[in-house]
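I opened my notebook beside the model and jotted down what I looked up.

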Amino acid sequence: MSVEAHDITLTVNGETVAETIEPRMTLVDFLRDTLGLTGSHVGCEHGVCGACTVRVNGVIVRGCLMLAAQCDGAKVETIEGISDSGQLADLQTAFERRNALQCGFCTPGMLLTAQELLATGGVPSRDTIREHISGNYCRCTGYHAIVDAIESVAQDRARTG
Ligand code: FES
Ligand code: FES
């Protein structure tokens, strides 16, 4: 550990975490390597692919573009915690049912990004869905099934309130 190490305290999935970290450690590396939360993936490490998507203070961010040190005092939520909370249950079921995942590498980030859109309410158009997930790359599915899954959940949520 270098002499410039930082002490940070934050909440991760509702639990308080206090760690000493290298100043240049990214948030996603901190989550994966220090805390063992490997549901957030690392793809491009340049903010392009969306595999590392997590929530910080309620807003989705690229975990590879944010430093862990910037999250001192923040509320961080990962796919593990958000999924355990049940917020994504219908989306996860729809992704499975519609074959919206194959290797699954993009899926955690895709689910968080989809949830962000659906939280705005209503039934977005397919173009809006495509636009919203355009920062999350999927190498397997061709996106059609992902848009189908998100659209079906939006329709179900609108129906059931
Ligand atoms: S790994 Fe962060 S956007 Fe690709
Ligand atoms: S399911 Fe493989 S990258 Fe999306």
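**Notebook: sheet, helices, domains**

I began with helix 4 (residues 107–118), which lies across strand 3 and strand 4 and runs at about 50° to strand 3. For such angles, axes are lines fitted to C-alpha atoms, for helices over the stretch in contact, and angles run from 0 to 180 degrees between N-to-C directions. Helices (H or I, at least four residues) and strands (E, at least two) are DSSP runs, numbered from the N terminus. Contact means heavy atoms within 4.5 Å.

A note on the ground rules: this is a predicted model, where local features need pLDDT of at least 70 and side-chain atom pairs count only at pLDDT 80 or more, while totals for chains, interfaces and linings use all residues. Residues are numbered from 1 along each chain as its sequence is written, chains are lettered from A and ligands numbered from 1 in the order in which they are written, and side-chain values use heavy atoms, with hydrogens and water left out.

I found an open sheet of five strands in the order 2-1-5-3-4, with mixed pairing; two strands pair if DSSP finds at least two bridges between them. Strand 2 (15–21) and strand 4 (59–62) are the edge strands, each pairing on one side only. On average, neighbouring strands of this sheet are turned by 40° against each other, direction ignored.

I then checked one strand pair. Strand 3 (residues 53–56) and strand 4 run antiparallel and are joined by four bridges. In this region I saw Val 54 opposite Val 61 of strand 4. Helix 1 (residues 27–34) packs on the sheet, touching strands 1, 2, 3, 4 and 5 (75–77), and its direction makes about 105° with that of strand 2.

Is Ile 8 buried or exposed? I noted it as buried, because its relative accessibility is 2% (buried means under 20% relative accessible area, exposed over 50%, partly exposed in between, with a 1.4 Å probe and protein chains only). Ile 8 belongs to strand 1 (residues 6–12). Leaving out residues up to four places away in sequence, its contacts include Val 17, Ile 21, Phe 30 and Asp 72. Ile 8 and Asp 72 are 64 residues apart along the chain, yet their C-alpha atoms are separated by 4.9 Å.

Last, I looked at the domains. The assignment gives domain 1 (6–82) and domain 2 (86–160); such bounds come from an automatic or database domain assignment. I noted 16 residues of domain 1 in contact with 15 residues of domain 2.
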